[in-house]
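Thanks for coming, everyone. I'll keep this brisk. Please have a look at the model on the screen.

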Amino acid sequence: LITDNRALYKVFNRDFSNGYLRGDIHKDMFIDNPRDHSIKQFSGLSSDSVNIKLLEDKNAYYEDKQEVITRVTVKINKLSIEKVPIRISVSGKLGTPLILSIKTPDRSFCVSSKTNLSKKNKNSTIKCLTYNFIVGKLRALKDTAYTIEHLELENLQTDLFLSFKEFSLIKKDILSLLTGSKEMMDPIQVPVLKKTAPIEKKPGLGVLISSQKDVHLCHKSEARFFFQLPNGFQDKISEWISLFSDNPQLTPWFPSVLMGENYRAALSFLEEVNPSCIVTDNTGIAYEAYKKGIPWIAGPHLNLVNSFALLCLRQSFNCSGAFVSNELNQFQIKGMLPPENFRLYYRIYHPILLLSTRQCLFHQVIGCEKQTMDDACIPRCDRSTSITNLKNVSLYIEKTKGNYPCIYNDKNFLNTQIVNDLPNMFNRFFIDLRDIKSQTTMGMEKSGIIRLFENLLNGEDLEKELNHCIHPTTHIQYKQGI
């Protein structure tokens, strides 16, 4: 139970110790708004004598809530987005330091140069201290909560010179005093990454499956097959170990969320199977693979969008490859520079996951015969439905055995253009053939779909045929980017 409700915590702590809530810990997951209705939800679980105390806790909860709202409202009303005006007076003459007097509505201070002012040589191209020069050097103030209301140069002798470096130090002192920081740091110089040689070999095809009935496809294709492991890993740990031991051609694909016993079961799986390579969306599994010396690929849910993220994974955790985010457009992907001997992957066909949650999404949509969510829901529940939002767009709710409920886009993602748009960049393109329902339908069996994608990667012009066979689809992310 995760709660920021102090009154609920007291009730839960008392009733759990007395044994009232055993087997009903997940009941709040059926509620649309657990925070405001938690007291009401738990009030039906106890005897009348306890409900009297619950009513008192409920009143205390709403009093605390109103107090927080009032306190936050007062603080918000004190905030202002208006910039604070400052007045700057510049003074100095030949042979003396340059002095800038800064005055704000509530304080004033002076900043001076470490060196003295000198006379500008008539034949020199160096700029002297003029109004435009000083305003330009102080333009960094625009990025703070302050703005220059008035700049006065009446006490500054003309045709004087101060080095750029010295004036930069003055600017840093002003910014430090105005913002309250100890020192203004210079912008980080982004290092230039080396461009690796283009990939001469044609990209291979990767196929993601999640059902044991699809394992036979491995024997009918030269594609590399990956098996999606569930979130509820523990219940069938021996079955998963046997599956990968009997089918070494399968590469395990770990989900992004593995908690408690399921995470520990995944570690036991790594120890027992010791696969030659894995794909993982879970950084904990990635770290364990790194420690065990197992080559690992960063999955698509890590949402990698720049070259430095790839470099970090390579240098810090010996990552062997990564999926490039499907949210990038052609121009953004083209600018990514992988490290040396680092493989890039891209999903050209897959369902679009919008949300994954441990809460039950079916109780309020299509109903459920259970009154509480128990430990059997995650490993045994298998159902799906659709909902329509206010924009009249359908969304699909999917719950498979061993996995958390998910919401998917109405159309699957299909991007065959990238194969020709960015040649010699990716080592492997992936297609997701898991049985996830959406409006997208396939006009032939999975083995036929795999052959079409293989022929596409071999250079055949099959874009129209694939888009006709798999429809409706979308690749708006590839056009828009981020």
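This is a predicted model: local features need pLDDT of at least 70, side-chain atom pairs count only at pLDDT 80 or more; totals for chains, interfaces and linings use all residues.

Start with the helices. Two packed helices are described by the angle between their axes and the distance between the axes. Our pair is α6, residues 237-246, and α7, residues 261-273. Their axes come within 10 Å. They cross at roughly 30 degrees. Angles under 35 degrees count as roughly parallel, so α6 and α7 are roughly parallel to each other. What is the handedness of the crossing of α6 and α7? Right-handed.

Who makes the contact? From α6, we have Ile237, Trp240, Ile241 and Phe244. From α7, we have Ala265, Phe269, Glu272 and Val273. By class, that contact has seven nonpolar residues and one charged residue, with no polar ones.

Now the pocket. The largest pocket has a volume of about 920 Å³. How many residues line the largest pocket? The count is 41. Nearest its centre lie Ser210, Pro230, Thr400, Lys401 and Asn403. By class, the lining splits into 16 nonpolar, 12 polar and 13 charged residues.

Which elements contribute? Helix α6 comes back here, supplying at least two residues of the pocket lining.

On to the cavities. The structure holds two of 30 Å³ or more.

Take the largest cavity. Its space is about 40 Å³. Leu217, Lys220, Ser221, Ser447, Ile450 and Arg451 form the lining. Its classes come out as two nonpolar, two polar and two charged.

The second largest cavity holds about 30 Å³ of space. Around this cavity sit Leu208, Trp253, Arg347, His350, Phe430, Ile431 and Asp432. Two strands, β13 at 343-350 and β19 at 428-432, each give at least two residues to that lining. Which strand gives the largest share? That is β19, with three residues. By class, this lining has four nonpolar residues, one polar and two charged.

To recap. The α6 and α7 crossing is right-handed, at roughly 30 degrees. The largest pocket is about 920 Å³. The cavities are about 40 Å³ and about 30 Å³. Over to you for discussion.

Key: Residues are numbered from 1 along each chain as its sequence is written. Side-chain values use heavy atoms; hydrogens and water are left out. Axes are lines fitted to C-alpha atoms, for helices over the stretch in contact, and angles run from 0 to 180 degrees between N-to-C directions. Helices (H or I, at least four residues) and strands (E, at least two) are DSSP runs, numbered from the N terminus. Angles under 35 degrees count as roughly parallel, over 145 as roughly antiparallel, 65 to 115 as roughly perpendicular and the rest as oblique. A crossing is left-handed if the near helix is turned anticlockwise from the far one by less than a right angle, and right-handed if clockwise. Contact means heavy atoms within 4.5 Å. Ala, Val, Leu, Ile, Met, Phe, Trp, Tyr, Cys and Pro count as nonpolar, Asp, Glu, Lys and Arg as charged, and the others, Gly among them, as polar. On a 1 Å grid over the protein atoms alone, a cavity is a set of points where a 1.4 Å probe fits but cannot get out, and a pocket is an open set with protein on both sides within 12 Å along at least five of seven lines; lining residues have an atom within 4 Å of a point. Grid points are joined across faces, edges and corners, and a volume is the space filled by probe spheres set on the points.
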